Amino acid sequence: MARTRRPHLPRCAVAVTALALIAGGFAAPQTTAAQATPPQNPTELVNPFIGTTNEGNTYPGAAVPFGMVQLSPDTGHNTGYDHADTRIRGFSTVHLSGVGCRIGGDLPVLPTTGDVTETDNAKYAVPFDHADERAAPGYYRADLGSGIRAELTATARTGVQRYTFPATAKANVLLNAGQALHRNRASEVEILDDRTVRTSITGSGFCQATEPYTVHTLTRFDRPFTTHGTWRGATVTTGTTTATATTGRSGAWLRFDTRGDRTVEATTALSYVDAPGAARNLRAEGGRSFDRVRSAAHAAWEDRLDNVRVHGGDPEARRTFYSSLYRSFLAPNLGSDTDGRYRGWDQRVHRAKGFTYYQNWSLWDTYRTQAQLLALLAPRESRDMARSVLQIGKDSGWLPKWGYGTVETNIMTGDPVTPFLTNAYQQGLLEGHEEETYRALKRNADGVPPADSPAVGREANAAYLEHGYAPYLHGRPHAKPGDSDFDHGASATLEYALSDAALAEMARDLGHHEDARRYAARSRAYRTLLDPATGFFRARDGAGAFTGPADPAHSVGFHEGTSWQYQWLVPQDLPGLIDLLGGRERTNARLDAFFAYEQLLADPARTAREVWVNGPYAYYHADRYNPQNEPDLIAPYTYLATGRPWQTTDVVHAALTLFTDGPTGMTGNDDLGTMSAWHVLSALGIYPVRPGTDVWGLSTPVFPRVDLTLDRRHYPKGGFSIRAPGVTADRRYIRAATLDGTPHPHTHLTTDTLRAVRDLSFTVGDAPSTWGTGKDAAPPPLDPGAARR
């Protein structure tokens, strides 16, 4: 990949900086006065503790961008770490950033001293104090109440631990194969020699998912242990080398004499393929000292984050921005070993040829924001991610919905894989695979997976194709694990229609004109939900009657939301939606009520925290904007289509106040980077207002200037700058916009436009203007007959 890059620190200086993070990384729970003037290096602005309480469900541990390993402490919380907890149960190898259901936490490892008498990690958990805790990208440290210092770092497929013990003949490292965050189905541990331990762990349990996955690990210590043993259940033995368990506890303990050398280092490699795969990954990425690995991890993050250079702005805004940017690069995750092998969804071993295989697909969330951000900032990886999703379809027979590791969970509803893949196509990432992608998406859009497929796909598609809506059939027996579109028929209808619109544009571009017209007609299916008696979308039952409470705040059939929140999920046809709602004035009045706009103008931050929906799982019985969940993330940008673009800025900037520099600074579950990507894109002032296409909406940036250095293969000019000189909380209204000095009166642009410019500039002021209110200024609706821009 050819890129024009700014000069970096010399590698020796990078190493020194990384080593300095032992003392200078972010501490929980808050920043200090010394951090008021941030260092120049964006990596040092990242606070990994943001979102570690109030169900942000992030993790503070060590990972590299898109790595297979996320080595992080588990404190007993549902998804791993919670800042409110006071004891650490172990440092485990697998975590997902910001998910709402327990998964991962495989192989928690904990250093202890003395005799080993307990096998339940809830009982042998050790106290810790946040004052003695530090974290930075690729590094974590905690001084434990036992007097042991634990440090973590990572490569792509290995986690590296360094434990500094007190002087003792009984320094132990416990490897717990039989406990995790998920439901443990089976575990096996084997001590291979006096430095090496192998495990195999089978688990399941993400939300309602039941299909199992298996992860293999190999841990190599930097020196021999003096004594060892294993446990099974509550029984601890000395000298044994193997232990297995089915749904019970198993593990190994290794003892070291630290009366001389007090440090013990261990490297754990993962493989979702087999034990030989873990061994190959260890040979390829292991063998280096802790400090060298940590330095390389720091450099990897520096290389990634340095592509987005912020100038000016509030120090806390810069810290929260770079922390969100960091979290946006934590997933999806490597699924293939160093030799290219991976375990497919058919549970067979395959080899990725010509691309890197990725896994962990929270598509219902990420298709809205993160997919577009990664296409912009990490196109090489995004291409491989899109190809990985296509490969899942080949291996398993159907495209995924919500995949974890090697299995489909069927969590969430609708058809998120379509806008995910059409976005990759529209961003130019699927060159050479366009027709292959289209065929897979057409099959997905026009059918339902067979009974013997683990996927549910568009479960309600038959009714949707016949009647124009997915019926709400709550309580209908589920044929497969996971969520059912019939339980959420109203929102499934809206999401099917959005996906049909994205597929219509792809069909048009590829010359499948009959398909384009057919999918475009289906994209208007949202109209079947409008109840003329209420003026809101409502679910329809199997006979076609509107069902559930008439009050849109108490509606049924919407997944994690109400009709108030879902009514704006029609980005493919906002002019049509506005007409349905009675025109611009009535639509604006409804938007103003939804956002509590008059209160927002008086006190944006208070309105965001006290008037809008608050609480990470407060999904239902609400008539206001919910900035903590995905269904209405796009809603603030609806004002771009109603002739009031300045109100988009007002609402977006109010929502941005919810992102702060502390453990509670994440708004809702991060959902594998979705909320973080919303923050980054909204702060930049460019937002994907039509998911699955190449259209970006414009609003006022937060910073006076941001320079983006981009992949020259996709952005021939090497990137562009976004400027808003003089922007502040009070001077936030766009008065004019230019592209390379040429006036731009529109509130949107396309990816092709971004590729052609070096400078996107905004003139701002302290009052709204007429910018963006003219004819054709708003983002365009779907037009399957138009030529591609």
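Reader: How many bridges join strand β30 to β31, and how do the two run?
Author: Strands here are DSSP runs (E, at least two residues; helices are H or I, at least four), numbered from the N terminus. Two strands pair if DSSP finds at least two bridges between them. β30 (residues 705-709) and β31 run antiparallel, and the bridges that join them number five.

Reader: What kind of model is this, and which residue of β31 is the bridge partner of Thr-709?
Author: This is a predicted model: local features need pLDDT of at least 70, side-chain atom pairs count only at pLDDT 80 or more, and totals for chains, interfaces and linings use all residues. Residues are numbered from 1 along each chain as its sequence is written, and side-chain values use heavy atoms, with hydrogens and water left out. In β31, the partner of Thr-709 is Gly-719.

Reader: Which residue in β35 is the bridge partner of Arg-723?
Author: β31 is also joined to strand β35 (residues 759-765). Three bridges link them, and they run parallel. In β35, Arg-723 has as its partner Ser-761.

Reader: Why is β31 largely enclosed by the rest of the structure?
Author: Buried means under 20% relative accessible area, exposed means over 50%, and partly exposed lies in between (1.4 Å probe, protein chains only). β31 spans residues 719-723. It is largely enclosed because, of its five residues, the number buried is four.

Reader: Which cysteine does the disulfide join to Cys-101?
Author: A disulfide is a pair of cysteine sulfur atoms within 2.5 Å. The structure holds one. At an S to S distance of 1.8 Å, Cys-101 is joined to Cys-207.

Reader: How many residues apart in sequence are the parts that this pair ties together?
Author: Cys-101 lies in the loop between β3 (90-92) and β4 (109-113). Cys-207 lies in the loop between β11 (196-204) and β12 (213-221). The pair therefore ties together parts whose separation in residues is 106.

Reader: How many residues of helix α9 are buried?
Author: α9 covers residues 417-426 and is mostly covered. Its buried residues include Phe-420, Leu-421 and Tyr-425.
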